[in-house]
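Thanks for asking me to look this one over. My notes are below as numbered points, with the cut-offs given as they come up.

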Amino acid sequence: MNIFLTFTLIACVALLVGLVIGYFLGGSKLNRSARRKAQSLIKESELKADALKNDKILQAKEKFLQLKSDHDKQVHERQSQMQQAEARIKNKESDLNRKIEDVNRKDRELEQQRNQLASQWDTYKIKSDEIEKAHRHQVDMLEKISGLKADEAKLQLVESIKSEAKTQAMGYIKEIQDEAKLTANKEARKIVLQTIQRVATETAVENAISVFHIEGDETKGRIIGREGRNIRALEAATGVEIIVDDTPDAITLSCFDPIRREICRLALHQLVTDGRIHPARIEEVVEKTKRMLEEEIIETGKRTCIDLGVHGLHPELIRVVGRMKYRSSYGQNLLQHSREVANLCAIMASEMGLNPKLAKRAGLLHDIGKVPDDEPELPHALLGMKWAEKYKEKPEVVNAIGAHHDEIEMTSLYAPIIQVCDAISGARPGARREMAEQYIKRLKDLESLASGFDGVEKSYAIQAGREVRVIVSSDKVTDARAEQMAFEIAQKIQTDMTYPGQVKVTVIREVRATGIAK
C-alpha cells in the first residue's frame with residue numbers, strides 16, 4: 001500500500017509539472033506540443049503506476065497468503081502440543097487420584113488400628129491398676145506379718161543373697177575348673193605321669209674340668225718333667241690344658257671337649273702307672289689311648305642299642321650314639337638324655353597305639369646332630385636329619401629328628417611325640433643346670449608377688465620354686481577368701497612370670513589362741 005501511494009504521488013507531481021509547463025507555453029504550438037508530450041508522459045506515468053500497483057498488490061497478496069499458511073501451521077502445532085500436554089495432565093491427575101485413594105485407605109486402616117490400640121491400652125491400664133492394688137495389698141499384709149518395712153526387708157534380702165551368691169560362685173568356679181582339668185587334661189596327664197613314673201635315671205652333670213688324682217708331689221714333678229717338657233708334650237698331643245697348682249694330690253685337666261679330656265685323663269693314668277714319662281712315650285700312649293677310646297665309644301653305642309632294643313643301626317650311627325656319652329647339653333649328659341627320651345617315646349607311643357620300637361629309635365637318634373666330628377653351621381636337628389637320611393633310616397625317623405625343634409614341618413605322629421618327650425626330659429626338676437642368679441631371682445619374684453596381696457603375713461618359695469606357701473592373717477582373710485586368694489595368686493604367677501613346669505600355690509590360714517596360767 002505504501003508503494004501505491006508513492007506512485008500516485010509521483011503521478012500528481014508529473015501532472016502539476018505538465019500544467020505549469022502548459023501554463024507558460026499555452027497558446028503556442030510549442031505549448032501544444034509540450035502539452036501533448038506532457039499528457040503522453042502523464043498517461044505513461046499513470047499506466048506504469050497502474051502496472052506497478054497491480055504487481056505490488058499481487059506480491060502483497062502472495063506474501064499475505066504465505067504468512068497466513070505459516071501462521072496456520074504454527075497454530076496447528078501449538079494446538080497439538082496443547083492436546084499432548086492436556087493428555088499428560090489427565091494421566092497425572094488419574095495417578096494422583098489413585099495415590100490419594102491409597103492414602104485415604106491407609107489412613108482409614110491406621111485409624112482402625114489406633115482405635116484398637118486405644119481400647120487395648122485402656123484394658124491394660126485397668127488390669128495394671130488391679131495388679132498394683134493387689135501387690136500393695138500383699139506388701140501391706142507382709143509388712144504387718146513381719147513387722148518390717150518393704151525397703152528394710154529388701155536390703156536384708158539383698159545382703160543375704162549377695163553373700164550366699166558370692167560363696168556359691170566361688171564354689172561353682174572351682175567345680176568348673178576341676179571338671180575342666182579332669183576332662184580336658186585327663187588322658188594327657190595320665191600319659192605324662194605314667195611316663196615319668198616308669199623312667200628314673202641318674203643325671204650326670206658334665207663340666208669343662210676334670211680332676212686327676214695322684215699320690216704325692218713327686219708324681220707332679222715327674223709329670224711336669226725337666227723344664228716342663230713332659231707337660232708341654234702332653235698338652236700338644238691331647239689339646240688339653242693341664243693345670244698343676246698347690247692343690248694336694250690333684251692335677252686339673254681343662255678342655256671344652258670331653259673326649260679330649262678323657263683321652264688325656266686315661267693317658268695320664270697309664271703313664272703314671274707305668275712310671276715311664278717322657279715326650280716319646282707320651283705320644284705313644286696318647287695314640288694308643290685314642291684307639292682304645294674309639295673302641296670304647298663303639299662298644300658303648302652297641303651296648304646302648306642292645307639295652308634299648310634298637311637293632312639294625314648303621315655302624316656310623318652306632319659310633320655317634322657312643323660319642324654321646326662324652327657330650328653334655330645344658331649340663332645334662334647327652335647319652336642319658338637320649339636314652340631317657342627313647343624310653344619316654346616308647347611309653348607314649350604305646351599309650352597312643354603307635355609303634356613303640358620306631359618311636360624309641362627316633363628318640364635315641366633325635367640329638368645325633370650335637371656330636372659332629374667337625375663344627376658345621378647347620379642346626380643340630382637338621383644335621384641329625386641329614387645323617388639319618390644318609391644312613392637309610394625310615395622317613396618317620398628322619399622327619400621326627402628334623403622337626404623336633406620345628407626347623408621343618410612335621411609329617412607324622414612320631415615327630416610331636418619326640419618333641420614332647422625331649423621337653424619332658426629337659427625340663428624335669430634337676431635335669432639341667434640353671435644359673436644361680438636367675439634361680440634366686442625367680443624365687444624372690446615368687447615370694448614378692450605373693451606378698452603383694454592384702455592380708456598376707458609371710459610367703460615362702462619351696463621345693464626349688466615348684467611351690468609357694470602363703471601364710472595369711474586369720475582376722476583379715478576368711479576361709480572363702482583364702483581359697484579365692486590361692487586362685488588369684490596362681491593366675492598372677494601364670495600371667496606375669498616365666499618358669500619351667502608348674503607352681504603350686506598353698507594359702508595357709510590358722511587361728512591360734514594362747515592362755516597363761518598364773
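**Notes on the fold and its helix packing**

1. The chain has 16 helices and eight strands, where helices (H or I, at least four residues) and strands (E, at least two) are DSSP runs numbered from the N terminus. Please keep in mind that this is a predicted model, in which local features need pLDDT of at least 70, side-chain atom pairs count only at pLDDT 80 or more, and totals for chains, interfaces and linings use all residues. Residues are numbered from 1 along each chain as its sequence is written, and side-chain values use heavy atoms, with hydrogens and water left out.

2. For the chain overall, 30% of the 518 residues count as buried, meaning under 20% relative accessible area (1.4 Å probe, protein chains only). Among contacts (heavy atoms within 4.5 Å) with a separation of 6 or more, 60% join residues 24 or more positions apart.

3. Helix H9 (residues 315-323) is mostly covered, with seven of its nine residues buried. They are Leu 317, Ile 318, Arg 319, Val 320, Val 321, Gly 322 and Arg 323. These buried residues pack against H7 (258-274), H8, H10 (334-351), H11 (356-365) and H12 (380-390).

4. H10 and H11 pack at an angle of about 155 degrees, with their axes 7 Å apart; axes are lines fitted to C-alpha atoms, for helices over the stretch in contact, and angles run from 0 to 180 degrees between N-to-C directions. H10 is therefore roughly antiparallel to H11, a label for angles over 145 degrees. On the H10 side the contact includes Ser 338, Val 341 and Cys 345, and on the H11 side Pro 356, Lys 360 and Leu 364. By class, this contact has eight nonpolar, four polar and one charged residues; Ala, Val, Leu, Ile, Met, Phe, Trp, Tyr, Cys and Pro count as nonpolar, Asp, Glu, Lys and Arg as charged, and the others, Gly among them, as polar.

5. How do H6 and H8 pack? Helix H6 (residues 229-238) and helix H8 (residues 279-308) lie at about 30 degrees, with their axes 9 Å apart. That makes H6 roughly parallel to H8, the term for angles under 35 degrees. Arg 229, Ala 233 and Leu 234 are among the H6 residues in the contact, and Ile 282, Val 286 and Lys 290 among those of H8.

6. A word on the cysteines. A search of the whole structure finds zero disulfides, a disulfide being a pair of cysteine sulfur atoms within 2.5 Å. For Cys 421, the nearest cysteine sulfur is that of Cys 345, 3.7 Å away. Cys 421 is buried, with a relative accessible area of 0%, and Cys 305 is buried at 5%.

How values were computed:
Parallel < 35°, antiparallel > 145°, perpendicular 65-115°, else oblique. Buried < 20%, exposed > 50% of the residue type's maximum accessible area, 1.4 Å probe, protein only.
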